[in-house]
Amino acid sequence: MEGDGSDSLVTIKNIERELICPACKELFTHPLILPCQHSICHKCVKELLLTLDDSFNDVGSDNSNQSSPRLRLPSPSMDKIDRINRPGWKRNSLTPRTTIFPCPGCEHDVDLGERGINGLFRNFTLETIVERYRQAARAATAIMCDLCKPPPQESTKSCMDCSASYCNECFKIYHPWGTVKAQHEYVGPTTNFRPKILMCPEHETERINMYCELCRRPVCHLCKLGGNHSNHRVTTMSSAYKTLKEKLSKDIDYLIGKESQVKSQISELNLLMKETECNGERAKEEAITHFEKLFEILEERKSSVLKAIDASKKLRLDKFQTQMEEYQGLLENNGLVGYAQEVLKETDQSCFVQTAKQLHLRIQKATESLKSFRPAAQTSFEDYVVNTSKQTELLGELSFFSNGIDVPEINEEQSKVYNNALINWYHPEKDKADSYVLEYRKMNRDDEILSWNEIEVHGTSKVVSELESNCNYAFRVRAYKGSICSPCSRELILHTPPAPVFSFLFDEKCGYNNEHLLLNLKRDRVESRAGFSLLLAAERIQVGYYTSLDYIIGDVGITKGKHFWAFRVEPYSYLVKAGVASSDKLQEWLRSPRDAVSPRYEQDSGHDSGSEDTCFDSSQPFTLVTIGMKKFFIPKSPTSSNEPENRVLPMPTSIGIFLDYDKGKVSFYDMDHMKCLYERQVDCSHTMYPAFALMGSGGIQLEEPITAKYLEYQEDI
């Protein structure tokens with residue numbers, strides 16, 4: 001018996017990893033069985049659902065417009081856990097239906113049903129095993145009697161009906177012979193008490209007596225008669241117990257019979273691990289050897305270059321020293337001047353002439369050098385600058401042998417960044433590559449080098465999400481064939497928008513003129529029906545009829561924060577205006593008769609209007625820039641240059657608009673290079689809307705990420 005107890009203790013200790021909750025990484029506490037048959041602590045389920053609730057509300061508030069009732073999500077209540085426990089709570093929904101829960105064991109979303117946590121079974125068998133493990137781990141610690149007066153005695157029995165532990169004396173006192181309590185079920189000392197009868201979580205007064213073969217869970221007779229399992233195939237609990245016990249026993253017997261095979265495979269794995277360790281160390285040594293050779297070459301070249309620089313420096317300093325000594329001789333009481341002064345003291349004429357002639361030539365030469373001073377050497381060492389650009393590029397591409405795998409190239413034209421980054425690359429021999437690894441990292445302004453994030457991709461494109469606003473990101477990609485990888489591609493630098501993306505569609509109700517404008521079903525593209533209205537009003541054109549601007553706005557307004565959106569203007573467009581407008585200005589626009597409005601005299605922020613130079617306001621409640629005929633026109637302003645060549649730019653492929661509502665500033669960006677083309681103050685005292693206007697033939701297309709995200713949210717509602 002002692003040997004059996006020792007074997008049991010060893011077995012209990014060996015199964016510790018089976019008793020760890022995948023969420024909290026601790027021993028299970030009141031584990032619940034999820035529909036995927038994995039178990040998780042009751043408290044962990046609550047905490048995970050609470051976290052999901054918070055993150056969903058945070059994402060909704062960040063990615064939607066705060067001022068729009070349609071996009072505003074309800075904030076979590078104070079007692080979130082109770083709300084989560086109530087039936088009908090669902091993540092990612094505004095209507096009570098079911099609860100979707102990500103299982104930390106299998107990492108799949110499981111449906112908890114309408115009852116949520118209340119519909120899950122407690123895994124009493126797992127609780128019992130965990131309790132046995134705890135007792136084995138603390139074998140020296142006895143379970144004390146719950147009813148003794150201090151000091152308590154060591155318990156000898158635990159009553160499953162009373163959920164308490166007793167010593168011999170207390171058990172006799174509280175379970176006297178001849179009473180109902182004497183019939184209670186008792187076991188050895190334990191701290192794990194579970195109900196004697198398993199009750200149905202959906203029908204709390206009904207006991208479990210059947211097993212649903214389709215859902216693989218115990219049910220009661222009410223579940224079968226009129227509940228969720230009415231059309232499912234069920235079997236008796238005794239039959240399910242017998243069948244599952246036989247299967248489990250056979251599986252255990254099979255594993256025990258394969259014990260020798262498993263041991264041999266473990267030995268093989270140990271050998272493979274040792275071999276991998278040795279090969280890894282050998283590879284490191286070889287890599288170190290290669291780098292040391294490079295270091296030796298660099299040190300040799302470094303020494304040679306420094307010696308050449310020192311030799312040139314010494315030669316130049318010697319020349320400067322000689323020249324300086326010559327000039328010092330020209331000073332009074334020094335050298336040549338002093339000698340000439342002594343010669344002048346000679347009174348004998350013949351002797352004076354004999355010496356003075358040569359001295360005069362020397363002084364004359366020195367005087368000429370003063371008139372045209374030229375240093376004896378150059379101070380610049382431009383010829384001694386080491387050019388390492390090519391070597392630096394080669395060292396940056398230093399990698400393992402590619403064994404014939406070509407380096408993939410990122411397609412800069414097809415790669416772009418908006419709320420997410422879309423990276424496309426080209427690989428000449430993509431059939432020879434099993435997969436690719438896309439690496440990206442944020443580039444700090446402080447020149448701090450951050451680590452690369454890696455994403456495995458089975459294809460030649462990838463969308464990278466969760467990028468920070470107004471940051472530079474570097475992207476590169478490499479190809480893999482088995483365990484061999486190619487060198488990394490050249491890095492592509494992309495700049496994210498200066499603010500989170502603002503989601504909206506064109507508003508087909510507010511001011512939309514369907515006679516002049518054509519809006520698609522998705523409401524993300526609008527076109528101007530050029531010439532149609534002109535033909536209908538052909539007679540009036542003869543008497544000075546002006547073509548009017550047709551306005552269309554976004555269906556969501558802005559009342560705070562920073563927002564960014566982007567759009568494309570079709571190259572054939574004659575005249576398009578885009579920007580922001582306040583709600584009060586929109587009412588003025590929409591009330592004015594269209595046929596009487598001349599585009600020349602409309603004050604819209606400083607285009608070629610007749611009154612703009614005299615009536616310019618640095619903080620107007622609207623700002624529109626003009627795009628047309630493949631050009632981008634910068635409005636006039638008192639501070640910027642008003643020369644035509646400085647105001648007309650090529651039309652960008654995609655145009656971005658950044659509105660900082662709190663600071664009252666709007667900016668227009670070239671999306672290809674994320675470059676600000678024009679910015680100015682704007683009065684944000686009212687709700688601001690994305691505003692557009694078209695005249696003549698033209699078309700505007702909102703960037704796809706705006707509409708895709710917005711429509712996805714609408715479908716979810």
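Cys41 is buried, at a relative accessible area of 0% (buried means under 20% relative accessible area, exposed over 50%, and partly exposed in between, with a 1.4 Å probe and protein chains only). Its sulfur lies 3.7 Å from the closest cysteine sulfur, that of Cys21, which is too far for a bond. A disulfide is a pair of cysteine sulfur atoms within 2.5 Å. Cys220 is likewise in no disulfide, and the nearest cysteine sulfur, in Cys223, is 3.6 Å away. Cys220 counts as buried, at 0% relative accessibility. Across the whole structure, the search finds zero disulfides.

The model is predicted: local features need pLDDT of at least 70, side-chain atom pairs count only at pLDDT 80 or more, and totals for chains, interfaces and linings use all residues. Residues are numbered from 1 along each chain as its sequence is written, and side-chain values use heavy atoms, with hydrogens and water left out.

### Aromatic rings

A pair of aromatic rings is described by the distance of the centres and the angle of the planes. Rings of Phe, Tyr and Trp (its six-membered ring) pair if their centres lie within 6.5 Å; planes under 30 degrees apart count as stacked, over 60 as edge-to-face and the rest as tilted. The count is 14 aromatic pairs. Two of them are tabulated here.

| Pair | Centre distance | Plane angle | Class |
|---|---|---|---|
| Tyr166 and Tyr174 | 6.2 Å | 40° | tilted |
| Phe502 and Trp565 | 5.8 Å | 55° | tilted |

The pair of Phe502 and Trp565 links distant parts of the chain, 63 residues apart. Phe502 is in the loop between strand 20 (492–495) and strand 21 (517–519), while Trp565 is in strand 24 (residues 562–569). Helices (H or I, at least four residues) and strands (E, at least two) are DSSP runs, numbered from the N terminus. Phe502 is buried at 1% relative accessibility, and Trp565 is buried at 0%.

Tyr166 is buried at 5% relative accessibility, whereas Tyr174 is partly exposed at 34%. Ring pairs join Tyr166, Phe171 and Tyr174 into a cluster. The charged end of Lys157 sits over the ring of Phe171, 5.3 Å from its centre. For this, NZ of Lys or CZ of Arg must be within 6 Å of the ring centre and within 35 degrees of the ring normal.

### The nonpolar core

A nonpolar core is a set of buried Ala, Val, Leu, Ile, Met, Phe, Trp, Tyr and Cys residues joined through side-chain atoms within 4.5 Å. The largest has 45 residues, and those with the most contacts inside it are Phe564, Trp565, Phe567, Leu659 and Phe692. Strand 24 supplies the largest share of this core, five residues. Leaving out residues up to four places away in sequence, Phe567 touches residues including Ala578, Ile655, Phe692 and Leu702. Contact means heavy atoms within 4.5 Å.

### Helix 8

Helix 8 has 70 residues and spans 100 Å from its first C-alpha to its last, close to the 104 Å expected at 1.5 Å a residue. The expected span is 1.5 Å times one less than the number of residues. Its buried residues are Ser312, Arg316 and Gln323.

Ser312 lies in helix 8 (residues 259–328) and has a relative accessible area of 10%. Apart from neighbours within four places in sequence, Ser312 is in contact with Phe381 and Tyr384. The charged end of Arg316 sits over the ring of Phe381, 4.3 Å from its centre.
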